[in-house]
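Visitor: I am new to this structure and would like to learn how to read it. Could we look at it together?

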Amino acid sequence: MPSLRFANPELQSRFLAGVKELPFTVQYADDGAVACTEEQWSVVNDVVHQVRDACFKWYFSWCNTEEGTRDLEQHLRSNGLRYEIEHHGNRLVFLLPKSDKERHTPPSDYSGPDACSFCSALYNERECFFATGDVAICDECIKWLHNELHNEKTN
């Protein structure tokens with residue numbers, strides 16, 4: 001069951017106000033997180049996007065370890081960079097302004113492949129870049145793959 005909570009009380013308040021207007025009931029966790037069924041998620045996510053869009057043109061970032069999460073938050077805070085934190089289930093996700101993207105992760109912190117393994121786009125040419133070991137995939141290839149898989153399901 002997907003769940004989400006904004007760490008910023010003002011954003012959380014906007015989120016809860018929007019959720020109250022939905023034509024179905026969601027569940028609320030003790031920490032204020034909103035949980036819903038998979039079928040309801042796209043509608044709840046529309047409310048989330050309205051809250052995010054009111055902040056800045058955004059993208060996500062997250063780390064796979066608690067240490068990486070602490071390091072990223074420390075980097076953002078120590079450099080005076082804008083960010084918001086969202087709790088997606090057990091994962092901490094950083095909502096970041098696209099306008100500051102070059103400053104969010106120092107180039108020396110990235111140690112993955114320089115180019116997408118599928119289209120050869122360079123790391124710094126894409127919005128997002130997912131890498132493991134010596135294999136990487138960019139956001140454009142993910143979108144393409146998603147569309148291809150979705151089209152196969154519907155045909």
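Visitor: Which side chain meets that of arginine 14 in a salt bridge?

Guide: A salt bridge is a side-chain nitrogen of Lys or Arg within 4 Å of a carboxyl oxygen of Asp or Glu. Here the partner of arginine 14 is glutamate 10, at 2.4 Å from N to O. The two are about one helical turn apart, because they sit four residues from each other in helix α1. Helices (H or I, at least four residues) and strands (E, at least two) are DSSP runs, numbered from the N terminus.

Visitor: Before we go on, what should I know about the model?

Guide: This is a predicted model, in which local features need pLDDT of at least 70, side-chain atom pairs count only at pLDDT 80 or more, and totals for chains, interfaces and linings use all residues. Residues are numbered from 1 along each chain as its sequence is written, and side-chain values use heavy atoms, with hydrogens and water left out.

Visitor: How many salt bridges does a search of the whole structure find?

Guide: Seven. One of them joins glutamate 86 and arginine 52, whose closest N and O atoms are 2.8 Å apart. Glutamate 86 lies in strand β5 (residues 84-88) and arginine 52 in helix α2, so this pair ties together parts that are 34 residues apart in sequence.

Visitor: Are glutamate 86 and arginine 52 buried or exposed?

Guide: Buried means under 20% relative accessible area, exposed over 50%, and partly exposed in between (1.4 Å probe, protein chains only). Both glutamate 86 and arginine 52 are buried. Arginine 14, at 34% relative accessibility, counts as partly exposed.

Visitor: Which residues touch the most other members of the largest nonpolar core?

Guide: In soluble globular proteins, nonpolar side chains tend to be buried together. A nonpolar core is a set of buried Ala, Val, Leu, Ile, Met, Phe, Trp, Tyr and Cys residues joined through side-chain atoms within 4.5 Å. In this core of 13 residues, the answer is Phe6, Phe15, Val19, Val26, Val34 and Val44. β1 (3-6), α1 (9-20) and α2 (38-53) each supply at least two of the members, and the largest share, four residues, comes from α2.

Visitor: Where do α1 and α2 meet?

Guide: Contact means heavy atoms within 4.5 Å. Leu11, Arg14, Phe15, Gly18 and Val19 in α1 meet Val44, Val47, Val48 and Val51 in α2.
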